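I'm opening a notebook page on a structure that is new to me. My plan is to look up a few things one by one and jot down what I find.

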Amino acid sequence: MPSRRNVILGALGAAGLAAWLKPKDKGGVYTPYFTELNQTLKAAGIGTPSLIIDLDRLDRNIDRITQTLGTAPWLSYRVVTKSVPSPELVRYISERASTQAQMIFHLPFLLATTQVTPDADILIGKPFPIAAVDEFYRKHTGAFDPAKQLQWLVDTTARLQQYLDFAQENQLTLRVNLELDVGLHRGGFVADEALSDALGIIRANPQHLTFSGFMGYDAHLMGIPSALAKRELPKVKARYQAALDLLDSQFQDLVTQDLCFNGAGSPTFRNYQDKPLLTEVSAGTCLMKPTHYDIASLEDFEPAAYIASPVLKRGQGGRLPALEWTAPLIRAWDPNQAQMYFGYSGNWMADIEAPPGLASHFAYKSSNQEGYQASNKVELDVDDFIFLRPQQSEAVLLQFGDLLAVRGNRIEARWPVLSGTGHA
């Protein structure tokens, strides 16, 4: 039989363990930044979920790119449209960054951009099926000149032959940029016979194909451990340089002053400041800085995009359908379930940002009325806003209609997003 002393010690140990396991209160109130943003949206009569662009933060992010490239005068900047999919947003970025270059990944976006920005310099960011190329030429109208302003990305000699056949049939000249596999292994050429064959096809058909450059995307550097990425980066540059060497040694007649040697992306554009290799870098997502881009190389960039979801309902927490009797126990155990809020829509690719301590409730995941649990320290009222930070930008920014461009305590503009089925 256990002694009285052991029983007491056991009871004290159990009580201590329970106290240690009991959830701590995580609740809090808006920071001054979100207090002002909440007041701004309410004063403007915003009553639906909205995507907010903070113009002051965006300005500073744009300047971080241009200041970086200012140390490497051989590099220019190309805006990745899919990451900021609004013509006016792209225009705003382009004007501040002094660039007309865009990278586009989606046929409807391409058609729209050639209409609203006829002076754009466009590089297609992924190989389009020949049917999409055909659709572009059937639908394109206006001052934009594809023969001078558009580069089609090609990843194989088979696709290049398709493009050549199409150009011959339609009496067109297509500018062709060859995709390089610099280590991502998502397709493209390496410096071997296939690349020589592709360049040879272009050389043999100058009336229908124009070589415009190379594109090598190094996104894998973001997805591998930093120590491995550090060893991989010189290999990435060497693979790109090998393609340049092949071009220079065997196809000097294709080399012109205006060739586009594109590479990098938001996480990696700063890797090309040391010496000339690329002529330009592409970036877009870093300007918004969604949560997926909370990485060391972008530590100085600021989140500039938020979802604002109005609070529809506020009530007592802990109440589960058909298990209402457990509510007092749940609230007593977990202070973070003292309250329940229901927002307007929900279930986005986003993380809750404000107020602190708000958390999505497992029983109320919904695209209609998302449920959130919170402690009594959270002081939201109905018609206040829950703020969430997107996990990525290209798909999320398209889900809310016009983007609300906010500076300080006022909405400066409402920017329509690019239209078209799906996203890039």
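This is a predicted model: local features need pLDDT of at least 70, side-chain atom pairs count only at pLDDT 80 or more; totals for chains, interfaces and linings use all residues.

**Entry 1: a salt bridge across the chain**

I started with Arg 203, which is partly exposed because its relative accessible area is 35% (buried means under 20%, exposed over 50%, partly exposed in between, with a 1.4 Å probe and protein chains only). Residues are numbered from 1 along each chain as its sequence is written, and side-chain values use heavy atoms, with hydrogens and water left out.

What does Arg 203 meet in a salt bridge? I found Asp 253 there, at 2.8 Å from N to O. A salt bridge here is a side-chain nitrogen of Lys or Arg within 4 Å of a carboxyl oxygen of Asp or Glu. The two residues sit in distant parts of the chain, 50 residues apart: Arg 203 is in helix 9 (residues 193-204), and Asp 253 is in the loop between helix 11 and strand 8 (260-263). I take helices (H or I, at least four residues) and strands (E, at least two) as DSSP runs, numbered from the N terminus.

How many salt bridges does the structure hold? I get 25. Side chains of opposite charge can pair when their charged atoms come close.

I looked at Asp 300 with Arg 64, which meet at 3.8 Å, N to O. Asp 300 lies in the loop between helix 12 (285-288) and strand 10 (305-316), and Arg 64 lies in helix 3 (residues 55-70), so this pair ties together parts that are 236 residues apart in sequence. Asp 300 is partly exposed at 36% relative accessible area, whereas Arg 64 is buried at 18%.

Then I checked Arg 57 and Asp 54, whose closest N and O atoms are 3.8 Å apart in another salt bridge. Buried or exposed, Arg 57? Arg 57 is buried, with 16% relative accessible area, and Asp 54 is buried too, with 11%.

**Entry 2: the aromatic rings**

Next I turned to rings. I count 18 aromatic pairs. The rule: rings of Phe, Tyr and Trp (its six-membered ring) pair if their centres lie within 6.5 Å; planes under 30 degrees apart are stacked, over 60 edge-to-face, and the rest tilted.

I picked Phe 34 and Tyr 306: their ring centres are 5.2 Å apart and their planes stand at 85 degrees, so I log the pair as edge-to-face. Phe 34 is in helix 2 (residues 32-43) and Tyr 306 in strand 10, so the pair ties together parts that are 272 residues apart in sequence. Phe 34 counts as buried at 7% relative accessibility, and Tyr 306 is buried at 3%.

Another edge-to-face pair is Phe 136 with Tyr 137, with 5.1 Å between centres and 80 degrees between planes. Phe 136 counts as buried at 0% relative accessibility.

Which residues form one aromatic cluster with Phe 34 and Tyr 306? I wrote down Tyr 30, Tyr 33, Phe 385 and Phe 387.

**Entry 3: cysteines**

I went looking for disulfides (a pair of cysteine sulfur atoms within 2.5 Å) and the count is zero. Cys 260 is buried at 5% relative accessible area, and Cys 286 is buried at 0%.

**Entry 4: pockets**

Last, I went through the open spaces. A pocket, on a 1 Å grid over the protein atoms alone, is an open set of points where a 1.4 Å probe fits, with protein on both sides within 12 Å along at least five of seven lines; lining residues have an atom within 4 Å of a point.

The largest pocket has a volume of about 580 Å³. Of its 29 lining residues, Lys 82, Phe 105, Arg 186, Tyr 217 and Glu 394 are the closest to its centre.

The second largest pocket holds about 320 Å³ of space. Its lining has 14 residues, and Leu 221, Met 222, Ser 226, Ala 229 and Ser 297 lie nearest its centre. Helix 10 (220-223) and helix 11 (226-250) are the elements that give two or more residues to this lining. Helix 11 gives the largest share, four residues.

Conventions. Grid points are joined across faces, edges and corners, and a volume is the space filled by probe spheres set on the points.
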